[in-house]
Amino acid sequence: MSDSKIYPVKANIAQTTHLDNEQYLAMYQASVSDPETFWAEQGRKFVDWMKPFTKVKNTSFDPGHVSIKWFEDGQLNISANCIDRHLATRGDEVAIIWEGDDPNQDSKLTFKQLHQAVCRFANALKAQGVKKGDVVCLYMPMVPEAAIAMLACTRIGAVHSIVFGGFSPEALAGRIIDSNSQFVITSDEGLRGGRAVPLKANVDEALANPEVDCVKSVIVLKRTGGDIDWVDGRDFWWDELTAVASDDCAPEPMNAEDPLFILYTSGSTGKPKGVLHTTGGYLVYAAMTFKYVFDYQDGDVYWCTADVGWITGHSYLVYGPLANGATTLLFEGVPNYPDASRMSQVCDKHQVSILYTAPTAIRALMAQGDAAVAGTKRTSLRIMGSVGEPINPEAWEWYYRTIGDERCPIVDTWWQTETGGILITPLPGATELKPGSATRPFFGVQPALVDNLGNELEGATSGNLIIRDSWPGQMRSVYGDHERFEQTYFSTFPGVYTTGDGARRDEDGYFWITGRVDDVLNVSGHRMGTAEIESALVAHPKISEAAVVGVPHEIKGQGIYAYVTLNAGEEADAALHKEVKAWVRKEIGPIATPDILHWADALPKTRSGKIMRRILRKIATNETDSLGDTSTLADPSVVDRLIAEKSSLE
Ligand code: WT7
């Protein structure tokens with residue numbers, strides 16, 4: 001389809017960028033025809049090595065032998081790359097700008113100050129007994145100490161596992177158990193949109209779970225001063241530990257393939273997986289993509305609105321920017337608090353030149369119209385990014401016109417927790433833009449489309465998006481379960497990396513991501529497995545069965561539609577409706593709260609008992625004329641009952 005409007009590269013942008021289109025094409029060609037040479041050069045350029053690598057790429061996607069190693073004999077330290085190496089040249093420049101939830105609160109940390117804070121906290125961790133290789137769980141609000149804690153872990157070789165502060169005590173407990181974390185770092189409370197989030201109370205509740213027996217100590221940052229419970233001998237104040245810690249902490253030499261962090265993400269089945277990233281390749285990839293995708297230049301102020309609890313917060317709030325010596329803005333609040341103009345206000349206040357946010361935030365602001373930019377200029381903005389889900393062309397156009405005043409290219413970046421960094425994206429100055437398309441692959445990335453049998457599809461077509469060969473930022477394993485890693489990503493289509501996304505490629509070779517092809521939902525850019533929500537639902541004592549599907553949602557992208565069957569004798573009333581929603585919030589977190597609860601008399605099943613989601617999806621979206629074949633259902637009359645129940649919902 002040559003359906004889309006094309007936004008040519010603007011001359012004024014091209015002048016400031018690293019590359020034009022010809023250079024992109026030449027460099028891309030070089031990156032895929034000789035990855036060894038290409039990545040050796042980038043590896044040396046973007047990272048300072050304590051011991052230089054001599055090997056570059058050692059990767060195999062072969063079934064049963066999946067193994068991914070990059071720069072494997074090199075040694076480096078992440079915190080030294082993000083801080084120490086900038087001290088001589090830009091020690092007094094700002095590394096982190098913090099903007100509080102309350103617009104009257106902000107602060108700045110220079111690279112020197114960041115260095116001191118990280119060294120102190122690293123020594124505090126050592127004093128608590130944290131050793132190289134130990135897993136440290138972070139459950140933090142968006143304050144500079146979140147980044148300080150991450151960097152302190154990397155300084156001493158500890159592996160961080162960040163759990164998003166919006167997850168429930170139950171979800172936190174599950175992640176602590178799976179990663180066997182002995183240490184938890186949290187805060188008394190967080191602050192978002194004017195509301196306090198009881199982080200420490202949630203940690204207390206998680207640790208009260210008898211299955212959590214690994215945690216030795218909890219380090220608590222005082223953020224709000226709110227009332228909290230205290231367990232003597234287990235709980236320690238951040239400030240008291242750092243007050244007695246030295247500023248001197250030599251960075252630990254780490255092997256390129258030593259674990260860097262674990263980050264849990266949802267799949268189509270089972271419990272969330274601990275995505276494992278390692279040190280060298282991850283940093284090279286995060287640093288390089290940051291530089292090229294956002295065209296980072298000295299003097300830029302960069303703002304990524306993602307929370308540190310997501311991969312975007314790891315790669316493009318902390319590690320990518322700081323590795324480049326960039327100034328990164330860390331925002332505690334939400335884009336529409338105290339009012340719809342907050343995001344624009346923050347851009348003006350801190351003279352943000354690069355803004356990276358999510359379609360769900362853009363749509364929420366778009367719904368407010370001009371209020372989103374009221375009283376602001378946004379003239380500092382130069383480049384704008386989008387991430388997390390497909391951006392609909394309307395939202396793209398609004399972002400481009402209203403926030404960016406038709407001046408700033410939009411980089412629609414496609415990637416995943418698993419990929420560590422951006423894989424498909426425009427480059428400002430090089431790529432013509434089409435609203436809604438993530439456009440072309442980054443250097444070294446070889447995307448392809450295959451049919452359901454794995455046959456590669458050529459030309460302009462749609463299919464399953466796979467990646468043919470490894471790139472340095474790729475996840476290395478599922479923590480503690482390498483078999484699950486192979487099973488999830490390398491078994492559907494042997495020999496390639498399966499993304500789980502569907503995509504269309506147009507005649508210009510541009511990719512248009514169409515969304516997940518598996519049972520994974522994307523709600524406001526948050527990834528959730530339908531199986532996870534279903535298992536939370538059926539854990540409720542009155543529920544016998546549940547099936548969850550995604551439905552289009554104007555702001556969130558996808559909403560959660562839950563079919564729930566109650567135990568015999570239970571009454572489906574308003575009180576239970578409320579109770580079930582609250583239950584899911586408690587089990588997983590507010591982001592997993594169903595938008596629609598459909599009390600179903602029965603669910604459509606095959607004779608072998610498998611729930612037919614295809615039918616449930618159609619009923620949820622009122623596409624009942626195209627239900628498809630229902631003859632394999634054990635009881636086809638179930639469908640009519642569901643349709644009748646649906647109409648009584650509306
Ligand atoms: C899934 C990954 C990557 C960091 C945030 C999400 C969807 C992500 C885009 C985009 C279309 C996108 C995909 C992907 N997705 N970015 N620019 N266009 N879809 O990371 O939680 O691991 O989710 O988000 O479906 O598979 P994640």
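**Model and conventions**

I worked with a predicted model, in which local features need pLDDT of at least 70 and side-chain atom pairs count only at pLDDT 80 or more, while totals for chains, interfaces and linings use all residues. Residues are numbered from 1 along each chain as its sequence is written. I noted an average pLDDT of 96 for the chain, with 99% of the residues at 70 or above; pLDDT is the predictor's confidence in each residue, from 0 to 100. The model's scores are ipTM 0.99 and pTM 0.95.

Helices (H or I, at least four residues) and strands (E, at least two) are DSSP runs, numbered from the N terminus.

I located W414 in the loop between β20 and β21 (447-450). W414 is buried because 27 other C-beta atoms lie within 10 Å; the cut-offs are 20 or more for buried, 12 or fewer for exposed, and partly exposed in between, with C-beta atoms placed from the backbone. Beyond its neighbours within four places in sequence, W414 is in contact with L423, I424, T425, A438 and I513, contact being C-beta atoms, placed from the backbone, within 7 Å.

I found R527 in strand β28 (residues 526-529). R527 also counts as buried, with 21 C-beta neighbours inside 10 Å. Leaving aside neighbours within four places in sequence, the contacts of R527 are T265, S266, V520 and N522.

I listed the buried residues of α18 (residues 613-620) as I615, L616, I619 and A620. These lie on the same side of α18 because they cover an arc of only 135° around the axis, taken over the directions from the helix axis to the C-beta atoms. The buried residues of α18 pack against β29 (543-553), β30 (557-566) and α19 (637-649). N622 follows α18 and has a positive phi, near 60°.

I placed K610 in the loop between β31 (596-599) and α18. The unreviewed UniProt entry annotates K610 as "modified residue: N6-acetyllysine". K610 is exposed, since 11 other C-beta atoms lie within 10 Å.

For α12 (residues 342-349), I recorded R342, M343, S344, V346 and C347 as buried. The elements they pack against include β4 (94-99) and β17 (327-331). Q351, with a positive phi near 50°, follows α12.

I then turned to W98, which lies in strand β4. W98 and K108 are 10 residues apart in sequence, and their C-alpha atoms are 6.0 Å apart.

Note on methods
Two residues are in contact if their C-beta atoms, placed from the backbone, lie within 7 Å. UniProt positions are given in the numbering used here, feature names are shortened, and annotations may be inferred rather than shown by experiment.
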